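Reader: Hi! Could you walk me through how the helices sit together in this one?
Author: Happy to, let's look at it together.

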Amino acid sequence: MFRLQKNAVDAGFDGVELHGANGYLLDQYLNPAANRRTDTYGGSAENRCRFVLEVTAEVAKAIGKEKTGIRLSPYGATNDVGQFPETEEQYAYLAGKLNAVGIAYIHLVDHSSMGAPKVELSTVQKIRNNFENALILSGGYTRERAERDLASGMADLIAFGRGFLANPDFVSRMQNNADLNPPAMDTFYTPDAKGYTDYSFLSKVK
């Protein structure tokens, strides 16, 4: 069991991030719209978290808790999986239990820039309070917003996805507070190189 995660570490990866967001399997267990089980893995918030916690604990056991992280999207909207009344309380509970497992980080994504409901500040704060290790925030971040959330202690790290993809010199642009190339969303997940390798470098922009 969990041979894939062990193989990744054996191959030289720094660690494994479990995907508990975006409507994938772990996220389905967390959400009552998808999880309609009546056994110990469904019904209450604690039961809905059980599978996620068991998987996380087993991965941490297999590769080391210091090499294990998890991505969560409390207010993500995928098909019929989305916000529910006890979202905040459930994810605060989950963060505390993940803290007990001792994993390296929680990666919390806000999909509001893509049209989903915004992650409530109070939810982020409760997760921050209940989890002692690194908290990574992501989702539509600008340089200014990233600096603000880092300075406030709300996050330990900020992750950039679309901005990094669209800017081959992303780090240099951020360091110099330069404008970013907008991502070509219509080329995402397409089979050829267009949109992935043809973004301009700042030094080549005339």
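**Helices and their contacts**

Author: This is a predicted model. Let me start with H4 and H5: Glu88, Glu89, Tyr91, Ala92, Tyr93, Ala95, Gly96 and Asn99 of H4 are in contact with Ser122, Thr123, Lys126, Ile127 and Asn130 of H5.

Reader: Nice. What classes of residue does the contact of H4 with H5 have?
Author: There are five nonpolar, five polar and three charged residues in it.

Reader: And at what angle do H4 and H5 pack?
Author: The angle is about 20 degrees, and the axes are 8 Å apart. Angles under 35 degrees count as roughly parallel, so H4 and H5 are roughly parallel to each other. The crossing of H4 past H5 is right-handed.

Reader: Staying with H5, which of its residues are buried?
Author: Thr123, Val124, Ile127 and Arg128, in a helix that covers residues 121–130.

Reader: Why do those sit on the same side of H5?
Author: Because they cover an arc of only 135 degrees around the axis, which puts them on the same side of H5. As background, an α-helix has 3.6 residues a turn, so residues three or four places apart point the same way.

Reader: What covers the buried residues of H5?
Author: The cover includes helix H4 (87–101), strand E3 (105–109) and strand E4 (134–138).

Reader: And which exposed residues are on the face turned away?
Author: Leu121 and Asn129 are the exposed residues carried there.

Reader: What about the loop after that, where Asn133 is?
Author: Asn133 belongs to the loop between H5 and E4. Its relative accessible area is 33%, so Asn133 counts as partly exposed. Setting aside neighbours within four places in sequence, Asn133 contacts Asn99, Gly102, Ile103, Ala104, Arg128 and Asp156.

Reader: Switching topic: how do H3 and H4 pack?
Author: Their angle is about 25 degrees and their axes are 10 Å apart. H3 and H4 are therefore roughly parallel to each other. H3 passes H4 with a right-handed crossing.

Reader: Which residues make that contact?
Author: From H3 there are Ala45, Glu46, Arg48, Cys49, Val52, Leu53, Thr56, Ala57 and Ala60, and from H4 there are Gln90, Tyr93, Leu94, Lys97, Leu98 and Val101. By class, the contact of H3 with H4 has ten nonpolar, two polar and three charged residues.

Reader: I also clicked on Phe51. Where is Phe51 found?
Author: Phe51 is part of helix H3. Not counting residues up to four places away in sequence, Phe51 touches Leu25, Leu26, Tyr29 and Tyr41. For Tyr29, which is 22 residues away from Phe51 along the chain, the C-alpha atoms are separated by 7.0 Å.

Reader: Okay, and H1 with H3: what is the packing angle there?
Author: H1 (residues 3–10) and H3 (residues 45–63) pack at about 40 degrees, and their axes are 9 Å apart. That makes H1 oblique to H3. H1 passes H3 in a crossing that is right-handed.

Reader: Which residues meet across H1 and H3?
Author: On the H1 side they are Gln5, Lys6 and Val9, and on the H3 side Val59, Ala62 and Ile63. Those residues divide into four nonpolar, one polar and one charged.

Reader: Is Gln5 buried or exposed?
Author: Gln5 counts as buried, because its relative accessibility is 15%, and buried means under 20%. Residues up to four places away in sequence aside, Gln5 touches Val16, Leu18, Val59 and Ile63.

Reader: Last one: which residues of H6 are buried?
Author: In H6 (residues 143–152), Arg145, Ala146 and Asp149 are buried. Seen down the axis of H6, they fall within an arc of 100 degrees, so they line one face of the helix. The buried residues of H6 pack against E4 and strand E5 (157–159).

Reader: What's exposed on the other side of H6?
Author: Arg148 and Ala151 are exposed there.

Reader: And which residue follows H6?
Author: Gly153 does, and its phi is positive, near 85 degrees.

How values were computed. Residues numbered from 1 in each chain as written. Predicted model: local features only at pLDDT ≥ 70, side-chain atom pairs only at ≥ 80, totals over all residues. Heavy atoms only, no water. Buried < 20%, exposed > 50% of the residue type's maximum accessible area, 1.4 Å probe, protein only. Helix = DSSP H or I, 4+ residues; strand = E, 2+ residues; numbered from the N terminus. Arc of directions from axis to C-beta. Contact = heavy atoms within 4.5 Å. Axes fitted to C-alpha atoms, helices over the stretch in contact; angles between N-to-C directions. Parallel < 35°, antiparallel > 145°, perpendicular 65-115°, else oblique. Left-handed = near helix turned anticlockwise from the far one by under 90°. Nonpolar A, V, L, I, M, F, W, Y, C, P; charged D, E, K, R; others polar.
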